[in-house]
Amino acid sequence: MCDLLRINTDRGVMLNDGKSRFSIDGKPISHFVGTSTFSEYTVVHIGCVAKINPKAPLDKVCVLSCGISTGLGATLNVARPKKGQTVAIFGLGAVGYAAAEGARIAGASRIIGIDFNPNRFKGAEKFGITECVNPKDHDKPIQQVIIEMTDGGVDRAIECTGSISAMISAFECVHDGWGLAVLVGVPKKDDSFQTHPMNFLNERTLKGTFFGNYKPRTDIPGVVEKYMNKELELEKFITHHVPFSDINKAFELMKKGEGLRCIIHMDA
């Protein structure tokens, strides 16, 4: 992975010279995750710029810039479930639902959604999820519940929370011999992952991904075309619209888990 795409939320400066391109009254302002898209004008690394179909509606395809592509690619590019296989999705936010959408597109026969928030289960079937499980409803580890539900474990599991316990559960719920778990969520800086070595010796596979293994400049235009060709639905991910003046409302919706993707209109 090149330095541009490494997970580094602290960077806040341009990669080539370590300096910011923004300032107020001579005081430098850090870039937000290398793109600073909450500004009317921005300076970004060339690797973060993708030329897309000019007919694509920006108020729809803008959601492909992060979470949707990450979840979709985690399934289609990394987990790669075969038609008829079973898939477990840990975390039913926008990234998790995008991972489920990828499993639906791939032809998975069962897509199990796992989340602590039962409100996330409403409308889950739109993303191909066939059944939902809340760990709070069980008195045993959720990985054990999933193993019992699927007679030995799922074929693929995708973790989309950043929670260490969810990562362990995702890995330990896949089937011995061929099961594959993919870690998508970004953990806290000092977190560590621990599991028994026998889980590897029993031929389970663990992988991680950033941005769904998509390369922004070369791959995102193709994902946009999937939307334009009606192979991929984006509207169902967009739950709210707010003007830029209400950006804090968008953050509140996100923190409360009341929405998937909120479109911020800069001109409103």
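Select Lys226 and Glu231 to begin: they form a salt bridge, with their closest N and O atoms 3.8 Å apart (a salt bridge is a side-chain nitrogen of Lys or Arg within 4 Å of a carboxyl oxygen of Asp or Glu). Lys226 is partly exposed at 30% relative accessible area, and Glu231 is partly exposed at 43% (buried means under 20%, exposed over 50%, partly exposed in between, with a 1.4 Å probe and protein chains only). Next, display Glu101, Arg104, Glu233 and Lys236, which salt bridges with shared partners join into one network.

The model is predicted: local features need pLDDT of at least 70, side-chain atom pairs count only at pLDDT 80 or more, and totals for chains, interfaces and linings use all residues. Residues are numbered from 1 along each chain as its sequence is written, and side-chain values use heavy atoms, leaving out hydrogens and water.

Proceed to Arg204 and Asp176, whose side chains meet in a salt bridge at 3.1 Å, N to O. This pair links distant parts of the chain, 28 residues apart. Arg204 is buried, with a relative accessible area of 10%, whereas Asp176 is partly exposed at 33%.

Then select Lys140 and Glu148, another salt bridge, at 3.2 Å from N to O. Here Lys140 is partly exposed at 34% relative accessibility, and Glu148 is partly exposed at 48%.

Finally, turn to Ser69, which is buried at 0% relative accessible area. Its side chain reaches the backbone oxygen of Leu64 at 2.5 Å. Not counting residues up to four places away in sequence, Ser69 touches Leu64, Phe211, Gly212, Tyr214 and Ile220 (contact means heavy atoms within 4.5 Å).

How values were computed:
Polar contact = N/O pair within 3.5 Å; in protein donor to acceptor, adjacent residues only side chain to side chain. Helix = DSSP H or I, 4+ residues; strand = E, 2+ residues; numbered from the N terminus.
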